[in-house]
Amino acid sequence: MKQSLSLRVSQHLSLTPQLQQSIRLLQLSTLEMAQEVEQMLDENPFLERSEEVAEREAFGVDAENAPVSTGDQVSEWSADSGPATTSSESDDFSEEVGSSEPDWDGDGTVSFTPDDGEWGGEAAPRNRNNADDETASAAELASEHISLQAHLHQQALGLRLNEEERAALYFLIESLNDDGYLDEPITDLAAALAGDDWEAREATEQALNLALHWLQNMDPAGVGARDLAECLRLQIEELRNSPAAQAALAMCAQPLDLLARRDAKRLAAACHLDEAVVREGLALISRLEPKPGRRFANVERNTVVPDVIVTKAGRGFKVQLNPDVMPRLRVHDIYANALRQGRGDKGEGAASMQQRLQEARWFIKNIQQRFDTILRVSSAIVERQRNFFMHGELAMRPLVLREIADELGLHESTISRVTTAKYMATPFGTYELKYFFGSSLGTETGGNASSTAVRALIKQFVASEDVAKPLSDNQLSEMLKEQGIECARRTVAKYREALRIAPANLRKR
């Protein structure tokens, strides 16, 4: 074997720690981002939260209130907003071969840089007393919440009960789930309270059954039921004694799958009733509430906080970041000054503190880059889907991730990270950014129709149908063809199921 020396040149991708952090922060949701900020504040002494308004850094989000819709900009707000950055240097995670960019170990300096200032300082203060504030959060608009348990406890105060009876009723109220149902049997609840004492268990079971009677006569009707049939029965018993109510009571004793299928013929045979009366009973049951505790659900808990807010501005639209989700962070002045004064110290502790300072700076910069990228992508989406913001989902056009990626000079995976778990508040509601992307269906004229628009059209057809003769999937497909959209029956069925619309036989009344 002959030995020889050879020289080979190769390239490889090396992700620096700050670049890895930038990618990770980009894909976090608003809640996860807030948790990440809190964790970094706990771990890094050089990072602090600031409530004061400070001068913005030399870099960062320089297009926070970026106008879109070229040619329709409004002078009064386009003059105030800076030009949206088009550079892909801060967003496109491209390969950097032989980069001299410093890592977490720092660059050997502890002097202040523009990175150390507060970020998000230019966000306008929220006027919480202004009824005309268009950017008011959903939590502020939500009415004062009262839980189902609190509502029932208030009613229990009006009952003349002894301490034992009141304790049993209190225990049952606290045992209800969010829908107002009692999941566990009374025997199991009594066993959990009385233990192995059979006499005490029997007495407890009697007390709980009596308390259950009081509970099931409270508002809302149907609360305290053990199953759906009992819930419906409790609500029907509160109605006037009409033939439809009697028929509904009889039908609730039948298998629930017959009710779900609205099988009037089999229900009429099983209950020995006229089919017309059965249909009246089915109409009555359809107006009942299957989840009595639904209206007491905590609305604020399920509120989606948007990352971007789009508002109408003259003939165009104004795209801005939600100031409520933008953390205001800065480097701790006192600690950074102390480290700068001890610059001559070459010990291990000083090197560790310098690394922490550099981490704080990079964290602030990466947060800025995250929101900058979200704003750029959102502005591009609003520009492409301008018709949606003017006319609604029926005007949605086909859009794929690659179109936005090519326009902004970013990778398609970056657009995917940005549009996942990020939300946009629009004049028509709050949507995830991914909602604005959809496949296309062919039309007779050779154009394309968005799948989102097709789903909206199907929903519109079903909403206006005759409930006595609901539209089948074939009929919906033919109606779409009349609109010039080629959509097969299977595709219509898939879209209908995605919209949670029941088949025609279940929609018939």
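1. Helices here are DSSP runs of H or I with at least four residues, strands are runs of E with at least two, and both are numbered from the N terminus. By that count the chain has 22 helices and eight strands.

2. This is a predicted model, in which local features need pLDDT of at least 70, side-chain atom pairs count only at pLDDT 80 or more, and totals for chains, interfaces and linings use all residues. Residues are numbered from 1 along each chain as its sequence is written, and side-chain values use heavy atoms, with hydrogens and water left out.

3. Overall figures. Of the 509 residues, 42% count as buried (under 20% relative accessible area; exposed is over 50%, partly exposed in between; 1.4 Å probe, protein chains only). The accessible surface of the chain is about 28,400 Å² (Shrake-Rupley method, 1.4 Å probe). Carbon and sulfur atoms hold 48% of that surface.

4. Contacts in sequence terms. A contact means heavy atoms within 4.5 Å. Among contacts in the chain with a separation of 6 or more, 68% join residues 24 or more positions apart.

5. The α20/α21 pair. Helix α20 spans residues 473-482 and helix α21 spans 489-498. They pack at about 105 degrees, with axes 8 Å apart (axes are lines fitted to C-alpha atoms over the stretch in contact; angles run from 0 to 180 degrees between N-to-C directions). That makes α20 roughly perpendicular to α21, a class that covers 65 to 115 degrees.

6. Who meets whom. From α20 come Asp 473, Asn 474, Leu 476, Ser 477 and Leu 480; from α21 come Arg 489, Val 492, Ala 493 and Arg 496. The residues of this contact divide into four nonpolar, two polar and three charged.

7. Two sides of α21. Val 492, Ala 493, Tyr 495 and Arg 496 are its buried residues. The face turned away from the buried side carries the exposed residues Arg 490, Lys 494, Glu 497 and Ala 498.

8. The buried residues of α21 are covered by elements including β7 (440-442), α19 (451-463), α20 and α22 (504-507). After α21 comes Arg 500, with a positive phi near 60 degrees.

9. Ser 29 sits in the loop between α1 (17-26) and α2 (30-43). Ser 29 counts as buried because its relative accessibility is 15%. Leaving aside neighbours within four places in sequence, Ser 29 is in contact with Arg 370 and Ala 421.

Technical notes. Angles under 35 degrees count as roughly parallel, over 145 as roughly antiparallel, 65 to 115 as roughly perpendicular and the rest as oblique. Ala, Val, Leu, Ile, Met, Phe, Trp, Tyr, Cys and Pro count as nonpolar, Asp, Glu, Lys and Arg as charged, and the others, Gly among them, as polar.
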